[in-house]
Amino acid sequence: PRVAGLHNSLAWFLVTCADTNLRDAERGLKHARRALDLADDDKGFWNTLGVAQYRTGDYAAAIESLKAARHDGSSGEASD
(Lines give C-alpha, C1' and ligand atoms only; values in the text may rest on other atoms or scores of the structure.)
Protein backbone atom coordinates (compact mmCIF):
# COMPACT_ATOMS: atom_id res chain seq x y z
CA PRO A 1 0.00 0.00 0.00
CA ARG A 2 0.94 3.64 -0.31
CA VAL A 3 0.95 4.17 3.46
CA ALA A 4 4.37 5.26 4.65
CA GLY A 5 3.72 4.42 8.29
CA LEU A 6 2.90 0.80 7.49
CA HIS A 7 6.11 0.36 5.54
CA ASN A 8 8.09 1.97 8.36
CA SER A 9 6.46 -0.22 11.03
CA LEU A 10 7.12 -3.37 9.05
CA ALA A 11 10.70 -2.30 8.40
CA TRP A 12 11.28 -1.64 12.11
CA PHE A 13 9.86 -5.06 13.00
CA LEU A 14 11.99 -6.82 10.41
CA VAL A 15 15.25 -5.22 11.54
CA THR A 16 14.73 -5.20 15.31
CA CYS A 17 12.58 -8.23 16.15
CA ALA A 18 13.82 -9.95 19.30
CA ASP A 19 13.24 -13.31 17.63
CA THR A 20 16.18 -13.48 15.25
CA ASN A 21 14.36 -16.14 13.21
CA LEU A 22 11.89 -13.44 12.16
CA ARG A 23 14.50 -10.82 11.30
CA ASP A 24 15.05 -10.00 7.65
CA ALA A 25 17.25 -6.93 7.36
CA GLU A 26 17.29 -6.87 3.55
CA ARG A 27 13.51 -6.92 3.36
CA GLY A 28 13.31 -4.37 6.17
CA LEU A 29 15.66 -2.09 4.24
CA LYS A 30 13.34 -2.20 1.23
CA HIS A 31 10.36 -1.21 3.36
CA ALA A 32 12.32 1.55 5.09
CA ARG A 33 13.24 3.00 1.69
CA ARG A 34 9.63 2.74 0.54
CA ALA A 35 8.45 4.62 3.63
CA LEU A 36 10.87 7.42 2.82
CA ASP A 37 9.80 7.43 -0.82
CA LEU A 38 6.31 8.20 0.44
CA ALA A 39 7.25 10.64 3.24
CA ASP A 40 10.88 11.74 3.26
CA ASP A 41 10.31 14.48 5.84
CA ASP A 42 9.57 12.06 8.70
CA LYS A 43 12.60 11.92 11.01
CA GLY A 44 11.47 8.60 12.48
CA PHE A 45 11.55 7.01 9.05
CA TRP A 46 15.16 8.17 8.62
CA ASN A 47 15.95 6.52 11.95
CA THR A 48 14.44 3.24 10.75
CA LEU A 49 16.43 3.45 7.52
CA GLY A 50 19.63 4.00 9.50
CA VAL A 51 19.00 0.95 11.66
CA ALA A 52 18.18 -1.14 8.58
CA GLN A 53 21.36 -0.01 6.87
CA TYR A 54 23.35 -0.84 9.99
CA ARG A 55 21.80 -4.32 10.14
CA THR A 56 22.71 -4.94 6.49
CA GLY A 57 26.31 -3.84 7.08
CA ASP A 58 26.18 -0.51 5.24
CA TYR A 59 27.68 1.45 8.13
CA ALA A 60 28.59 4.62 6.21
CA ALA A 61 25.05 4.98 4.89
CA ALA A 62 23.66 4.22 8.35
CA ILE A 63 25.63 7.09 9.86
CA GLU A 64 24.30 9.51 7.24
CA SER A 65 20.70 8.35 7.68
CA LEU A 66 20.94 8.56 11.45
CA LYS A 67 22.32 12.09 11.13
CA ALA A 68 19.31 12.95 8.96
CA ALA A 69 17.06 11.52 11.68
CA ARG A 70 18.14 14.08 14.24
CA HIS A 71 15.07 16.00 15.28
CA ASP A 72 16.69 19.36 15.82
CA GLY A 73 19.67 19.10 13.50
CA SER A 74 22.21 19.12 16.33
CA SER A 75 23.07 16.34 18.75
CA GLY A 76 19.70 14.63 18.52
CA GLU A 77 17.38 13.10 21.07
CA ALA A 78 17.56 9.79 22.91
CA SER A 79 15.48 8.11 20.19
CA ASP A 80 18.01 9.23 17.60
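Colleague: Great. What kind of model is this?

Modeller: It is a predicted model, so treat every value here as computed from that prediction.

Colleague: Got it. How many helices and strands does the chain have?

Modeller: The chain has four helices and zero strands. Read along the sequence, the pattern is α-α-α-α.

Colleague: And what share of the residues counts as buried?

Modeller: Of the 80 residues, 34% count as buried. The accessible surface comes to about 4900 Å², and 51% of that belongs to carbon and sulfur atoms.

Colleague: What about contacts between residues at least 6 apart in sequence: what percentage join residues at least 24 apart?

Modeller: That figure is 42%.

Colleague: Let's pick a residue. Is Ser-65 buried or exposed?

Modeller: Ser-65 is buried, because its relative accessible area is 4%, under the 20% cut-off. You will find Ser-65 in helix α4, which covers residues 59-68.

Colleague: Which residues is Ser-65 in contact with, leaving aside neighbours within four places in sequence?

Modeller: Ser-65 touches Trp-46, Leu-49, Gly-50 and Gln-53. Two of the names there, Trp-46 and Leu-49, fall within α3, which spans 43-55.

Colleague: Why are Lys-67 and Glu-64 about one helical turn apart?

Modeller: Because they are three residues apart in helix α4. Lys-67 is partly exposed, at 43% relative accessibility, and Glu-64 is partly exposed too, at 48%.

Colleague: Changing topic: which residues form the negative surface patch?

Modeller: Asp-37, Asp-40, Asp-41 and Asp-42 form that patch.

Colleague: Where is Asp-42 placed?

Modeller: Asp-42 is in the loop between α2 (25-38) and α3 (43-55). With 30% relative accessibility, Asp-42 counts as partly exposed.

Colleague: Last one, Phe-13. Which helix is that in?

Modeller: Phe-13 lies in helix α1, residues 4-16. Its relative accessibility is 39%, so Phe-13 counts as partly exposed.

Colleague: What separates the C-alpha atoms of Phe-13 and Gly-28?

Modeller: A distance of 7.7 Å, with the two residues 15 apart along the chain.

Terms used:
Residues numbered from 1 in each chain as written. Predicted model: local features only at pLDDT ≥ 70, side-chain atom pairs only at ≥ 80, totals over all residues. Heavy atoms only, no water. Patch = residues over 30% accessible without salt bridge, like charges linked within 9 Å, V, L, I, M, F, W, Y side chains within 5 Å. Areas by Shrake-Rupley, 256 points an atom, 1.4 Å probe, with all protein chains shown as cover. Salt bridge = Lys/Arg side-chain N within 4 Å of Asp/Glu carboxyl O. Lys, Arg positive; Asp, Glu negative; His and termini not counted. Charge placed at Lys NZ, Arg CZ, Asp CG, Glu CD. Buried < 20%, exposed > 50% of the residue type's maximum accessible area, 1.4 Å probe, protein only. Contact = heavy atoms within 4.5 Å.
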